[in-house]
Amino acid sequence: MVKEKPNSTRIYDEEGFRRRAACICVRSELENEVLLVTSSRRPDHWIIPGGGVEPDEEPSVTAIREVREEAGVCGKLGRCLGVFEVFQNSERKHRTEVFVLVVTEELSDWEDARTMGRQRKWFSVEDALEQLSQHKPVQLTYLQSLLSCRNDKVT
């Protein structure tokens, strides 16, 4: 299902969940630093970049597009951490496919910095967990999943 909204088209799956994609951007394969961006609604809150899947777009393509728009970074797309579901009510529910992206380039000028003053900042994983725990509990689960996968690789 597709719904038109001003300046965007929202795609929904067969169960009525809005389809989204996001990336946990890491500085290196060590995955010990992650990039967060300021929220468009609450500029004092730090979040993981992501957004809605567009018509005929694969979630991996959405994730790459969204980090370029929101964080001004490019990189190498890695593994998918999973699909995370939010169900607040029948009108507000979404499924987000979350990927890991190793950043290879940080643009000095990018779309959301120009249009809304969005900022980006590198955080240690521990500090990012703290930031997300305050305002974005579902995104906290994305990062916890990254840690779980990272710990599985070590053991």
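This is a predicted model: local features need pLDDT of at least 70, side-chain atom pairs count only at pLDDT 80 or more; totals for chains, interfaces and linings use all residues.

Visitor: What makes β3 and β8 a pair?

Guide: Pairing asks for at least two bridges, and 9 bridges join β3 to β8. Therefore they count as paired strands. For a place to look, A22 stands opposite V98 in β8.

Visitor: And how do you know that β7 pairs with β8?

Guide: By the bridges again: β7 (residues 73–89) is joined to β8 by 13 of them, in the antiparallel sense. The cut-off is at least two, so this is a pair as well. Here E85 stands opposite R95 in β8.

Visitor: On to the rings. How many aromatic pairs are there?

Guide: The count comes to 3. One of them is F17 with F87, at 6.3 Å centre to centre and 50 degrees between the planes.

Visitor: Why is the F17 and F87 pair called tilted?

Guide: Centres must lie within 6.5 Å, and planes under 30 degrees apart would be stacked, over 60 edge-to-face. With 6.3 Å and 50 degrees, F17 and F87 qualify as a pair and fall into the remaining class, so tilted it is. The partners are 70 residues apart, F17 sitting in the loop between β2 (8–11) and β3, F87 in strand β7.

Visitor: What makes F84 and Y142 a tilted pair?

Guide: Their centres are 4.9 Å apart and their planes at 55 degrees, so the pair is tilted by that rule. F84 at 14% counts as buried, and so does Y142 at 2%.

Visitor: Back at F17, how do you know that charges sit over the ring?

Guide: The charged end of K93 is 4.7 Å from the ring centre, and R95 lies over the face at 3.8 Å. The distance limit is within 6 Å, so both values meet that part of the rule.

Visitor: What makes the buried residues of α3 line one face?

Guide: The buried residues of α3 (residues 125–135) are V125, A128, L129, Q131 and L132. Seen down the helix axis, they fall within an arc of 165 degrees, so they line one face.

Visitor: Which residues have the most contacts inside the largest nonpolar core?

Guide: I24, V34, L143 and L146, in a core of 22 residues. Elements giving two or more residues to this core include β3, β4 (33–38) and α3, while α4 gives the most, with 5. V34 touches, among others, I24, W122, A128 and L146. There is also a second, separate core of 14 residues, including A21, L35, I47 and L101.

Visitor: Last one: why is C25 called buried?

Guide: C25, in strand β3, has 0% relative accessibility; the cut-off is under 20%, so C25 is buried. Its contacts beyond four places in sequence include E33, V34, P49, V103 and W122.

Notes:
Residues are numbered from 1 along each chain as its sequence is written. Side-chain values use heavy atoms; hydrogens and water are left out. Helices (H or I, at least four residues) and strands (E, at least two) are DSSP runs, numbered from the N terminus. Rings of Phe, Tyr and Trp (its six-membered ring) pair if their centres lie within 6.5 Å; planes under 30 degrees apart count as stacked, over 60 as edge-to-face and the rest as tilted. Buried means under 20% relative accessible area, exposed over 50%, partly exposed in between (1.4 Å probe, protein chains only). A charge sits over a ring if NZ of Lys or CZ of Arg is within 6 Å of the ring centre and within 35 degrees of the ring normal. The arc is that of the directions from the helix axis to the C-beta atoms. A nonpolar core is a set of buried Ala, Val, Leu, Ile, Met, Phe, Trp, Tyr and Cys residues joined through side-chain atoms within 4.5 Å. Contact means heavy atoms within 4.5 Å.
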